[in-house]
Amino acid sequence: MKTKDMTMTNNYLNMKKKILLLSLLCELCACSSSDDNESRDMSQPVISEQGIIANPVECQQYHPGDVIPFQYVFTDDVELGNYNIEVHNNFDHHTHSGSAVDCEFEPKREAGPKAWVFNQNYTIPAGLQTYKARVDIQIPADAETGDYHFMIRLTDRAGWQQLKAVAIKVK
């Protein structure tokens, strides 16, 4: 009887192991699909000047009260998300990216109360891989003159981000 009981116990344990293994295999199959790697977005979006007259560009000069006609092309291999435009002073000559262009700086100084600050988020319509961004940005008439950074942050739907910093001057 002991042999028969042990055989039944071993069979029962083996069957439980098989059921557990089969359940685990089913869960793994349900969590992944054959095209997961193809549809997963693994690259940054692109901020491009291709096919347009991009604006602003390095070292461009504006005056208080002017309008900056922002224009760039955004692309992504899967889907674009949104973008942000930020403008802040560069009176201390800090950097954000490895630009190949060196603009002539005014002497370093502290920002005054009229230093221009702009920060706005924009939504890109869902499902697009290419988007021509065009926004008119008003420089305040009383903006403090000097060196500024015009920052473009582009984010795709998966969360990858591309940054472009352009040095401009308000004179």
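**Sheets, aromatic pairs and a buried loop residue**

Isoleucine 139 is found in the loop that lies between strand E6 (130-138) and strand E7, in a model that is predicted. With a relative accessibility of 0%, isoleucine 139 counts as buried, because the limit for that class is under 20%. Leaving aside residues up to four places away in sequence, isoleucine 139 touches Tyr62, His63, Pro64, Gly65, Asp66, Ile68, Trp116 and Val170.

The secondary structure of the chain comprises 2 helices and 8 strands, which follow one another along the sequence in the pattern α-α-β-β-β-β-β-β-β-β. Of the 171 residues of the chain, 32% count as buried. Among the contacts in the chain with a separation of 6 or more, 77% are made by residues 24 or more positions apart. The accessible surface of the chain amounts to about 11,200 Å², and carbon and sulfur atoms contribute 55% of this area.

An open sheet is formed by 5 strands in the order E2-E8-E7-E4-E5, with mixed pairing. Its edges are strand E2 (60-62) and strand E5 (118-123), each of which pairs on one side only. Neighbouring strands of this sheet are turned against each other by 25 degrees on average, direction ignored. Strand E4 (residues 80-89) pairs with E5 in the antiparallel sense over 6 bridges, and in this pairing isoleucine 85 stands opposite glutamine 120 of E5.

A further open sheet consists of 3 strands in the order E1-E3-E6, and its pairing is antiparallel. Here the edge positions are taken by strand E1 (46-48) and E6, each pairing on one side only, while the twist from one strand to the next averages 30 degrees. Strand E1 is joined to strand E3 (residues 67-75) by 3 bridges, the two strands running antiparallel, and the bridge partner of isoleucine 47 in E3 is phenylalanine 74.

The aromatic residues were examined next. A pair of aromatic rings is described by the distance of the centres and the angle of the planes. The count comes to 9 aromatic pairs. In one of them, phenylalanine 70 and phenylalanine 74 form a tilted pair, with 6.5 Å from centre to centre and 40 degrees between the planes; phenylalanine 70 and phenylalanine 74 are both buried. The rings of phenylalanine 91 and tyrosine 148 have centres 5.5 Å apart and planes at 75 degrees, and the pair is therefore edge-to-face, a class that requires an angle over 60 degrees. This pair links distant parts of the chain, since phenylalanine 91 is in the loop between E4 and E5 whereas tyrosine 148 is in strand E7 (residues 146-156), 57 residues apart.

Phenylalanine 91 has a relative accessible area of 2% and is buried, and tyrosine 148, at 0% relative accessibility, likewise counts as buried. Arginine 109 lies over the face of phenylalanine 91, at 3.9 Å from the ring centre. Elsewhere, ring pairs link Phe70, Tyr72, Phe74, Tyr83, Tyr122, Tyr131 and Phe150 into a cluster. Among the members of this cluster is phenylalanine 74, the residue that is also the bridge partner of isoleucine 47.

Key. Residues numbered from 1 in each chain as written. Predicted model: local features only at pLDDT ≥ 70, side-chain atom pairs only at ≥ 80, totals over all residues. Heavy atoms only, no water. Pairing = 2+ DSSP bridges. Helix = DSSP H or I, 4+ residues; strand = E, 2+ residues; numbered from the N terminus. Axes fitted to C-alpha atoms, helices over the stretch in contact; angles between N-to-C directions. Phe/Tyr/Trp six-rings, centres within 6.5 Å; stacked < 30°, edge-to-face > 60°. Buried < 20%, exposed > 50% of the residue type's maximum accessible area, 1.4 Å probe, protein only. Lys NZ or Arg CZ within 6 Å of the ring centre and 35° of its normal. Contact = heavy atoms within 4.5 Å. Areas by Shrake-Rupley, 256 points an atom, 1.4 Å probe, with all protein chains shown as cover.
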